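Hi everyone, thanks for coming. I'd like to walk you through a structure that may be new to you, so please have a look at it with me.

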Amino acid sequence: MFSEQVVRIVAGLLVGIYVARYLGPDQFGIYSYAIAVVALFGVVAKLGLDNVVVRDLVSNPEKRDIYLGTAFWLKTIGALFSFSVLAIALQFTNNDATTTLYIFIIASGLIFQSFDVVDFYFQSRVLSKFVSLSKLFQLFLSSVLKLYFVFIQADLFWFVLVSLLDQISLAISLAFAYWRQRVGAFFGYFDAETAKVMLKNSWPLVLTGVAIILYMRIDQIIIKEILGEREVGLYAAAIRLSEAWYFVPVIICNSLFPAILNARKTDLKLYKKRLQKLYSVMFYFAVCVALPVTFMADGIVGVLYGADYQDAGTVLSIHIWAGV
């Protein structure tokens with residue numbers, strides 16, 4: 001999982017920067033805006049089921065097909081609902097027809113998020129390497145296509161299409177990985193009572209997901225509405241660098257979570273001590289990242305993105321402190 005995340009960050013940065021340089025701030029701004037809008041509504045399609053389903057699969061592995069099938073169809077319904085709400089919401093924006101088309105193309109991929117239930121199964125069996133391999137395949141295909149479209153000087157439309165293909169290819173690779181397990185299909189299973197329990201347990205996580213995605217993406221939507229596409233492009237370029245290292249604290253937290261949880265069960269004082277150490281490590285690590293970037297932001301942006309994105313340096317020097 002760690003290797004997959006490192007490869008994803010490195011490839012995402014290198015290919016993403018190459019694509020951003022090719023598209024320029026205006027086109028890259030439209031592209032980033034479309035992705036941000038879909039992400040805003042896409043979090044509802046997930047229905048907060050991720051951790052709930054993994055927990056249930058660990059507790060009652062014999063009900064695997066019922067849990068996976070029910071979660072799959074719930075997520076499918078959630079995706080259709082999110083797409084419908086998005087279509088209504090777009091009527092109240094000042095987007096042109098082309099930008100709206102790009103949003104709809106990317107949003108079409110929400111339906112394929114239903115195959116995330118395969119990821120839940122592998123997590124419950126501590127077999128996440130299969131998910132990582134699937135994501136690496138998707139990343140490889142996506143990167144090659146983007147580089148090819150830059151090489152042939154393709155229009156923005158084709159890069160938007162790759163975003164849809166990303167979701168389709170990941171769904172296919174996850175389905176293939178599950179098929180290789182020879183444990184049977186779950187598509188024919190749906191239990192209404194199980195669905196009610198799942199939704200009852202997951203609704204607070206839906207609210208959490210909405211809050212997080214609002215925090216992470218609403219800024220780009222506001223900038224587009226007030227300042228325009230170019231400013232979104234500059235901002236998106238800066239935060240791509242600012243957030244590149246965020247996977248590190250996530251992995252650290254996930255790794256230390258069992259130790260902290262065990263301490264909570266046996267010794268409250270030890271639990272607080274371990275929790276404090278975790279927060280301290282996170283804080284000092286974030287400061288060590290933010291300090292040098294603050295003073296080198298203009299140079300970093302100039303080298304990576306080129307002169308067209310020079311104004312993004314100021315954004316990076318400020319936004320990097322969000323990590324703290």
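Before we start, one term: when I say two residues are in contact, I mean that they have heavy atoms within 4.5 Å. Please also keep in mind that this is a predicted model.

With that in hand, let's begin at Val-37. Which residues is Val-37 in contact with, leaving aside its neighbours within four places in sequence? They are Leu-86, Leu-90, Ile-103 and Ile-221. Val-37 and Ile-103 also turn up together in the largest nonpolar core, which has 56 residues. Both are in the group that touches the most other members, along with Phe-28, Leu-156, Phe-159, Tyr-305 and Tyr-309. And which helix gives the most to this core? That is helix α1, residues 2–46, with 17 residues. Apart from this core lies another one, of 25 residues, and among them are Ala-71, Val-118, Val-131 and Ala-177.

Now let's step back to the whole chain. Along the principal axes, the C-alpha atoms fill a box of roughly 60 × 50 × 35 Å.

How much of the chain is buried? Of the 324 residues, 44% count as buried. As for contacts between residues at least 6 apart in sequence, 83% of them join residues at least 24 apart. The accessible surface comes to about 17,000 Å², and 68% of that belongs to carbon and sulfur atoms. On the charge side, there are 26 positive and 22 negative side chains, with the centres of the two sets 13 Å apart.

I'll finish with two single residues. Thr-100 sits in helix α4, residues 97–107. Is Thr-100 buried or exposed? Its relative accessible area is 17%, so Thr-100 is buried. Beyond its neighbours within four places in sequence, Thr-100 is in contact with Leu-90 and Asn-95.

Gln-153 counts as exposed, at 56% relative accessibility. Most residues other than glycine have a negative phi. Gln-153, though not a glycine, has a positive phi of about 60°.

Technical notes. Residues are numbered from 1 along each chain as its sequence is written. This is a predicted model: local features need pLDDT of at least 70, side-chain atom pairs count only at pLDDT 80 or more; totals for chains, interfaces and linings use all residues. Side-chain values use heavy atoms; hydrogens and water are left out. Buried means under 20% relative accessible area, exposed over 50%, partly exposed in between (1.4 Å probe, protein chains only). Accessible areas come from the Shrake-Rupley method with a 1.4 Å probe; for residues, only the protein chains shown count as cover. Lys and Arg count as positive and Asp and Glu as negative; His and the chain ends are not counted. The place of a charge is taken as NZ of Lys, CZ of Arg, CG of Asp or CD of Glu. A nonpolar core is a set of buried Ala, Val, Leu, Ile, Met, Phe, Trp, Tyr and Cys residues joined through side-chain atoms within 4.5 Å. Helices (H or I, at least four residues) and strands (E, at least two) are DSSP runs, numbered from the N terminus.
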